[in-house]
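Student: Could we go through this model together? I'd like to know what stands behind the terms.

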Amino acid sequence: MNFDELKEQWNNQTENNFEVDPNLSHYKSVGSILVKLRRNIKMEFISWLCAIIFLLVLPNLEVYQITGYVKVAYYSILLQMCLSSMFYYKKFFYFYKSTKQFELLSSRENLLKLYYDLKFSIETYKMSSYLLMPQGILICFIFFSLGHSAEWMDKIYHFGETWKNDSTFIIYFILGIFAGLISLVICIESMSYYYYGKYLKMIKNNMDALEEEAEL
Amino acid sequence: MVKPDEQQFLKQIEKNKGAIIKVSRMYMDNLEDQQDLFQEIVMQLWRSYGSFRKESLFSTWLYRVAINTALMYFKKEKRRPDQQELTIDIDVVDEFDNEKKEEQLRYFYQAVQHINPVEKALIFLFLEGQSHREIAVNLGISEVNARVKLNRTKEKLQQIIKTQGYEF
């Protein structure tokens with residue numbers, strides 16, 4: 001057999017098991033990368049909304065005792081986090097919309113467009129998340145101090161004195177910050193990969209396969 | 001009630017559904033996944049029907065949309081892995097009887113599961129009778145690149161088929 005022979009059989013294939021449903025509204029997308037990405041953007045936005053609502057309610061729970069100027073600081077940080085998050089959600093919203101608009105491009109152009117749109121959105125997402133890390137740490141600080149944040153801040157402000165009298169506090173504090181930073185980095189990297197990065201890699205593999213090859 | 005546009009579209013799809021089936025069979029190795037991809041392509045074609053310019057052939061436009069859809073499609077994880085040994089008991093085989101002429105096609109479809117999505121696109125367009133130039137335009141690469149890649153893919157496929165003891 002050769003490819004010319006194969007062409008003949010190629011044109012005479014059976015068409016069993018494949019029916020066209022006349023009701024076009026019955027068609028559902030199940031395996032497209034774009035649908036998965038759109039679903040993830042939507043899901044992540046909903047999770048983000050839930051987290052913000054939770055953080056808004058948090059100071060009102062008695063157990064955390066977030067009151068007075070700490071409460072003001074807490075809400076100011078939260079507001080700043082919300083505004084900064086809008087920056088990357090704006091990019092994702094653009095990407096979300098662009099994946100729904102169909103353009104008749106060649107495969108390479110189509111892959112390139114999607115790749116760079118998605119890459120730009122992911123980079124904005126990561127950059128914004130890293131920039132929000134200090135605010136995140138501060139929120140965690142207020143959250144875990146259970147009403148002692150003013151006292152703890154005072155201890156940190158008088159670092160030398162605290163180190164002499166209560167070095168355990170300083171050690172725990174530094175370890176806490178360190179653990180918080182590591183968990184945030186892991187969280188940002190794994191979330192961006194799980195939600196978007198792995199699909200970017202799939203697109204990149206196809207793009208690479210279209211690259212120019214040297215003639216032998 | 002089916003709209004006139006829908007009717008026209010469905011008529012065209014029915015006429016050209018062979019090409020969509022071929023793409024689905026090339027990109028997915030089991031019937032369930034093939035039917036899902038078939039559905040995905042028809043849906044994408046319907047969504048983009050507005051971009052179809054009547055002066056060009058429906059089949060030409062269909063190739064581009066179908067290939068672009070297949071390149072952005074992934075196999076469901078719960079189903080079987082992408083790469084598998086060439087055995088005759090996979091679902092692709094079930095659709096063909098054991099006649100000699102269909103055996104060749106069966107070996108071909110099994111071998112195709114071992115090449116990458118871009119190589120599948122090249123072989124599909126070649127078998128659909130597209131010239132190097134048309135393949136290049138559809139994929140957005142140079143004509144020379146299309147020719148080089150196509151020849152390498154053909155060699156690769158022949159090698160895969162030969163390793164299974166079938167003369168190609």
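Student: How much space lies in the largest pocket?

Tutor: About 760 Å³. This is a predicted model, where local features need pLDDT of at least 70 and side-chain atom pairs count only at pLDDT 80 or more. Residues are numbered from 1 along each chain as its sequence is written.

Student: What makes a space a pocket?

Tutor: On a 1 Å grid over the protein atoms alone, a pocket is an open set of points with protein on both sides within 12 Å along at least five of seven lines. Its volume is the space filled by probe spheres set on the points.

Student: Which residues lie nearest the centre of the largest pocket?

Tutor: Among its 24 lining residues (an atom within 4 Å of a point), those are A:Trp48, A:Ala51, A:Leu55, A:Met81 and A:Leu184. H2(A) gives the largest share of the lining, seven residues.

Student: Why are H2(A) and H8(A) called roughly antiparallel?

Tutor: Their packing angle is about 165°, and angles over 145 degrees count as roughly antiparallel, so H2(A) and H8(A) get that label. Their axes, lines fitted to C-alpha atoms over the stretch in contact, are 11 Å apart.

Student: Which residues of H2(A) meet H8(A)?

Tutor: With contact meaning heavy atoms within 4.5 Å, they include A:Ile33, A:Leu37 and A:Glu44, and the H8(A) side includes A:Met191 and A:Tyr195. By class, the residues of this contact are ten nonpolar, one polar and two charged, with Asp, Glu, Lys and Arg counting as charged.

Notes
Chains lettered and ligands numbered in written order. Heavy atoms only, no water. 1 Å grid on protein atoms, 1.4 Å probe; cavity = no way out; pocket = protein on both sides within 12 Å on 5 of 7 lines; lining within 4 Å. Helix = DSSP H or I, 4+ residues; strand = E, 2+ residues; numbered from the N terminus. Axes fitted to C-alpha atoms, helices over the stretch in contact; angles between N-to-C directions. Parallel < 35°, antiparallel > 145°, perpendicular 65-115°, else oblique.
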